[in-house]
Amino acid sequence: QVQLVESGGGLVQPGGSLRLSCAASGFTFSTYIMSWVRQAPGKGLEWVSDISYGPSTYYADSVKGRFTISRDNAKNTLYLQMNSLKPEDTAVYYCAKVLGAGSDYSYDYWGQGTQVTVSS
């Protein structure tokens, strides 16, 4: 049974940092692309970052240079280091398991989400 469990969210002041974690189980973590996706209040889902099994990393323009995605395959854990946080980063952050690639790119499992609030 696939499980993705996020942690590390919270309240932080603008300019601050947080590190999110996503503990994965029930599948061969090291062989899948993993993703962070967020949803701000009243808005749709926004892709944030991907990490392949290479690992190659990819970022949305809105977070490039501030966020760093990483993975520890020995611990089956995905991370998102978030620096220089802005109020517009306020959202529920989800980790997701990616199924397929290219035109077949989709998500087949999601975590429950962790709230990140950036406010003074």
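A salt bridge is taken here as a side-chain nitrogen of Lys or Arg within 4 Å of a carboxyl oxygen of Asp or Glu. The model is predicted. In it, Asp50 is buried but forms no salt bridge. Arg71 carries the nearest side chain of opposite charge, and it is 9.3 Å away. That distance lies outside the 4 Å cut-off, so the pair does not count as a salt bridge.

Asp50 belongs to strand 5, which spans residues 45-51. Its side chain makes a polar contact of 2.6 Å with the side chain of Ser35. Beyond residues up to four places away in sequence, Asp50 touches Ile33, Met34, Ser35, Ser56, Thr57, Tyr58, Ile69 and Tyr105.

The whole structure holds one disulfide. Cys22 and Cys95 form this link, with an S to S distance of 2.0 Å. The link is right-handed, with 45 degrees about the S-S bond.

The largest nonpolar core comprises 28 residues. Trp36, Phe67, Leu78, Leu80, Met82 and Tyr93 touch the most other members. At least two core residues come from each of strand 3, strand 4 (34-39), strand 5, strand 7 (67-72), strand 8 (77-82), strand 9 and strand 11 (114-118). Strand 3 contributes the most, with four residues. Leu80 illustrates the packing. Residues up to four places away in sequence aside, Leu80 touches Leu18, Arg19, Leu20, Trp36, Val48, Phe67, Thr68, Ile69 and Tyr93.

Terms used
Residues numbered from 1 in each chain as written. Predicted model: local features only at pLDDT ≥ 70, side-chain atom pairs only at ≥ 80, totals over all residues. Heavy atoms only, no water. Buried < 20%, exposed > 50% of the residue type's maximum accessible area, 1.4 Å probe, protein only. Lys, Arg positive; Asp, Glu negative; His and termini not counted. Polar contact = N/O pair within 3.5 Å; in protein donor to acceptor, adjacent residues only side chain to side chain. Contact = heavy atoms within 4.5 Å. Disulfide = S-S within 2.5 Å. Core = buried A, V, L, I, M, F, W, Y, C linked by side-chain atoms within 4.5 Å.
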